[in-house]
Amino acid sequence: MNTSLYCHPHSTVNFMLVPRLRYSIIMAAARKPMRLKELEGYLQDVEVFENPKVKLEQYPTTPHIAACMLHTITSTYDDLVDKTVADLGVGCGVLSVGASMLGSGYVLGIDIDEDALATCSANLDEFEMTNIDLLECDVKSLASSEVVNRLHGKFDTVIMNPPFGTKHNQGIDMVFLQAGLKLSTNSVYSLHKTSTREHILKKASDWGVDVTVIAQLRYDLANTLKFHKKKAVDIEVDFYRFSHKR
């Protein structure tokens with residue numbers, strides 16, 4: 001029996017284990033290389049936010065971007081197969097599902113939002129994943145000593161599409177990045193607005209980590225929130241790899 005982990009909403013220490021049975025029909029195929037279009041096709045079936053929350057900047061990662069990220073991570077850097085992976089701000093789970101399909105040994109999805117985790121849990125059931133657990137926890141709390149002692153350095157790879165920090169969460173993208181670097185022993189993969197590139201490169205230098213801008217992408221931000229006036233907006237984003245210096 002696998003378990004999903006939930007962090008008590010008012011504590012960073014008290015973890016409550018909630019059992020959830022899942023069965024896999026996909027993992028046997030994960031050992032053979034999966035083509036990019038094949039992966040994107042699977043990810044089209046991941047359900048997204050029904051009522052996205054403005055304060056949490058809940059923009060779903062599109063299947064195309066998720067597939068491009070994950071396919072690059074495994075084909076260029078070999079950072080998924082048999083690796084332990086943390087997905088910060090897991091949302092509805094598209095990155096976690098894709099990482100599992102590509103052969104990750106274990107994935108932990110972390111999110112602050114109970115509703116997002118419920119949708120993610122339903123997606124995991126639908127895809128019959130057996131190696132993904134969920135943790136309800138504020139990423140900010142990962143800096144606390146008790147949680148760090150449990151999770152610090154426990155993952156090979158961290159993947160995330162963090163909030164850009166453009167509304168009520170200025171600087172939250174850097175909080176996610178710092179948390180990812182604490183959890184990982186090898187690398188962190190993340191998306192950030194291209195307009196912040198200079199700032200992010202400076203931060204990486206200050207923190208003493210290697211950084212590579214893998215690609216510049218166009219993020220199709222659909223009209224999902226009430227304040228949006230256009231049907232969709234293309235935002236330029238950078239796809240980064242951060243790695244600990246050896």
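This is a predicted model: local features need pLDDT of at least 70, side-chain atom pairs count only at pLDDT 80 or more; totals for chains, interfaces and linings use all residues.
1. Overall make-up. The protein has seven helices and nine strands. Of its 246 residues, 49% are buried. The accessible surface is about 12,000 Å², and carbon and sulfur atoms account for 51% of that surface.

2. Contact range. Counting contacts between residues at least 6 apart in sequence, 72% join residues at least 24 apart.

3. Helix H1 against helix H2. H1 covers residues 36–43, and its axis lies 9 Å from that of H2, at an angle of about 135°. H1 is therefore oblique to H2, since an angle has to be over 145 degrees to count as roughly antiparallel. The crossing of H1 past H2 is right-handed. From H1, the contact takes in Leu36, Leu39, Glu40 and Leu43. From H2, the residues are Pro63, His64, Ala66, Ala67, Cys68, Leu70 and His71. Sorted by class, the contact of H1 with H2 holds eight nonpolar, two polar and one charged residues.

4. Helix H1 against helix H3. Here the packing angle is again given as about 135°, and the axes of H1 and H3 are 10 Å apart. This makes H1 oblique to H3. H1 passes H3 in a right-handed crossing. Leu39, Tyr42 and Leu43 of H1 meet Val94, Val97, Gly98 and Met101 of H3. The contact of H1 with H3 comprises six nonpolar residues, one polar and no charged.

5. Helix H2 against helix H3. H2 runs over residues 63–77 and H3 over residues 94–101; their axes come within 10 Å and cross at roughly 40°. H2 and H3 are therefore oblique to each other, because the limit for roughly parallel is an angle under 35 degrees. The crossing of H2 and H3 is right-handed. On the H2 side the contact involves Ala66, Met69 and Leu70, and on the H3 side Val94, Leu95, Gly98 and Ala99. The classes in the contact of H2 with H3 are six nonpolar, one polar and no charged.

6. Positive phi at Asp78. Most residues other than glycine have a negative phi. Asp78 has a positive phi, near 50°, and is not a glycine. Asp78 sits in the loop that runs between H2 and strand S3 (84–88). With a relative accessible area of 46%, Asp78 is partly exposed, because exposed would require over 50%.

7. Positive phi at Glu128. The phi of Glu128 is positive, about 55°, in a residue that is not a glycine. Its place is the loop between helix H4 (114–127) and strand S5 (132–136). Glu128 is partly exposed, at a relative accessible area of 27%.

8. Ala215 in strand S8. Ala215 belongs to strand S8, residues 209–222. Its relative accessible area is 25%, so Ala215 is partly exposed, the limit for buried being under 20%. Apart from residues up to four places away in sequence, Ala215 touches Val237, Asp238 and Phe239. Ala215 and Tyr240 are separated by 25 residues in sequence, with their C-alpha atoms 7.4 Å apart.

9. Ser243 in strand S9. Strand S9 spans residues 232–244 and includes Ser243. Ser243 has a relative accessible area of 11% and is therefore buried. Outside the four places on either side in sequence, Ser243 is in contact with Asn186, Ser187, Val209 and Asp210.

Note on methods
Residues are numbered from 1 along each chain as its sequence is written. Side-chain values use heavy atoms; hydrogens and water are left out. Axes are lines fitted to C-alpha atoms, for helices over the stretch in contact, and angles run from 0 to 180 degrees between N-to-C directions. Helices (H or I, at least four residues) and strands (E, at least two) are DSSP runs, numbered from the N terminus. Angles under 35 degrees count as roughly parallel, over 145 as roughly antiparallel, 65 to 115 as roughly perpendicular and the rest as oblique. A crossing is left-handed if the near helix is turned anticlockwise from the far one by less than a right angle, and right-handed if clockwise. Contact means heavy atoms within 4.5 Å. Ala, Val, Leu, Ile, Met, Phe, Trp, Tyr, Cys and Pro count as nonpolar, Asp, Glu, Lys and Arg as charged, and the others, Gly among them, as polar. Buried means under 20% relative accessible area, exposed over 50%, partly exposed in between (1.4 Å probe, protein chains only). Accessible areas come from the Shrake-Rupley method with a 1.4 Å probe; for residues, only the protein chains shown count as cover.
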